[in-house]
Every structure is written in structure tokens, then in C-alpha cells.
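Welcome! Take a moment to look over the sequence and the model, and then let us walk through them together.

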Amino acid sequence: MSTPPPQGNPFAQGQNPYAQASQGQAPYPQQPGAPGVPPQGGAPYAPIPPEQPRRKVSFKTIKNVLVGVGVVVAIVVGVITSMDDADKAEVGDCLKSASSSSDEMEVVDCTSSDAEAKVLKKIDGTYTSFTAETACRKVSGATSFYAQTGDGDNFLLCLSDV
């Protein structure tokens, strides 16, 4: 026969229901992270952080973006307008130097007082100073030349005075 479990208050009878805990065993399974229980490798799922509130786009942000875009547009326009026009020059066009310290040329109207030279012949290819001069000597009326090399569009313009 078996003995029935003790009835009543176990402390009154001198029995401790948690006596097993003092012997190294817990009466209930302990969860990792509970007080007094070391973590075991980590939780199977990390808690999801709360969603951050969305920032409103401020006037200052819009202004800064527009100023940045304006600066980029101004730079692009400046580069395009400062590009050498000589690659667009055709036979019969007149040219002037872009500046006194530059060897870039601009196409101008031949009736303009800015016109310095007239294009007599345009020859595709890469030329050195010596080969450009030799090629333009063969062109009747040529007094000077303009050779462009480097940026992929290489050519020679044989020029006469206006």
C-alpha cells in the first residue's frame, strides 16, 4: 500500500516542500534570463524594436536640396558653355580665340569684329605641330592652323586671316 501525501500545512508538520531546491534541484523549471539563472546562448527570437517615428520634411531640408541641385546645374551649364567650339566649326566659319591665354576657339559671325580667322579646310586625324603645319601649307591661302588632339575628337583646321 502507498502512503497518502501529507495533509494540511507542511510547515506545521516540519516538512519543507522546497527541500529539493536546497539539494541542488529546483522544484520548477527555471527560464533563461530569470533572476539567479545565467543566460543560455541567447533567446531564440530577439525582441523587435519599436518603429521609429517618421521625420517630417522640413523647409530647411527642401531648401538645401534645391540649393544643391542649383549648384550642380550651374556647374554643368558652365562646363558646357566653356567647351571649345572648334569641333563644331565647318569650312567657311569664322573663329576667335576664347581668351588671350587660351588656345581654345569660338565660332563667331564672319561680319563680327571679333572674327580672327576663317576655316579653309577641316581634316580629321591627330596632328603634331610639325605635321599640322605641313598639311596646312598644301591648302591655298592658309596662314595658320588649329589642331585639336586628346578628347577623342581629333582634327586639324587650316585657317586664313579675315
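Is Cys110 buried, partly exposed or exposed? Cys110 counts as partly exposed, at 32% relative accessibility. Here buried means under 20% relative accessible area, exposed means over 50%, and partly exposed lies in between, using a 1.4 Å probe and protein chains only.

Before going further, a word on what you are looking at. This is a predicted model, in which local features need pLDDT of at least 70 and side-chain atom pairs count only at pLDDT 80 or more, while totals for chains, interfaces and linings use all residues. Residues are numbered from 1 along each chain as its sequence is written, and side-chain values use heavy atoms, with hydrogens and water left out.

Now for the overall plan. The protein chain has three helices and five strands, and from the N terminus on they run α-α-β-β-β-α-β-β. These elements are DSSP runs numbered from the N terminus: helices are H or I with at least four residues, and strands are E with at least two. Of the 162 residues of the chain, 16% count as buried. The accessible surface comes to about 12800 Å², and 57% of that belongs to carbon and sulfur atoms; such areas come from the Shrake-Rupley method with a 1.4 Å probe, and for residues only the protein chains shown count as cover.

Let us return to Cys110 and find its partner. The structure holds two disulfides, a disulfide being a pair of cysteine sulfur atoms within 2.5 Å. One of them joins Cys94 to Cys110, with an S to S distance of 1.9 Å. Cys94 lies in strand β1 (residues 94-97) and Cys110 in the loop between β2 (105-108) and β3 (117-124), so this pair ties together parts that are 16 residues apart in sequence. Cys94 counts as buried, at 1% relative accessibility. The link is right-handed, with 105° about the S-S bond.

The other disulfide is formed by Cys136 and Cys158, whose sulfur atoms are 2.0 Å apart. Because Cys136 sits in helix α3 (residues 129-137) and Cys158 in strand β5 (residues 155-161), the bond ties together parts 22 residues apart in sequence. This link is left-handed, with -85° about the S-S bond. Cys136 is buried at 5% relative accessibility, and Cys158 is buried at 0%.

Finally, look at Tyr127, in the loop between β3 and α3. Not counting residues up to four places away in sequence, Tyr127 touches Ala132, Ala135, Ala147, Thr149 and Leu156, where contact means heavy atoms within 4.5 Å.
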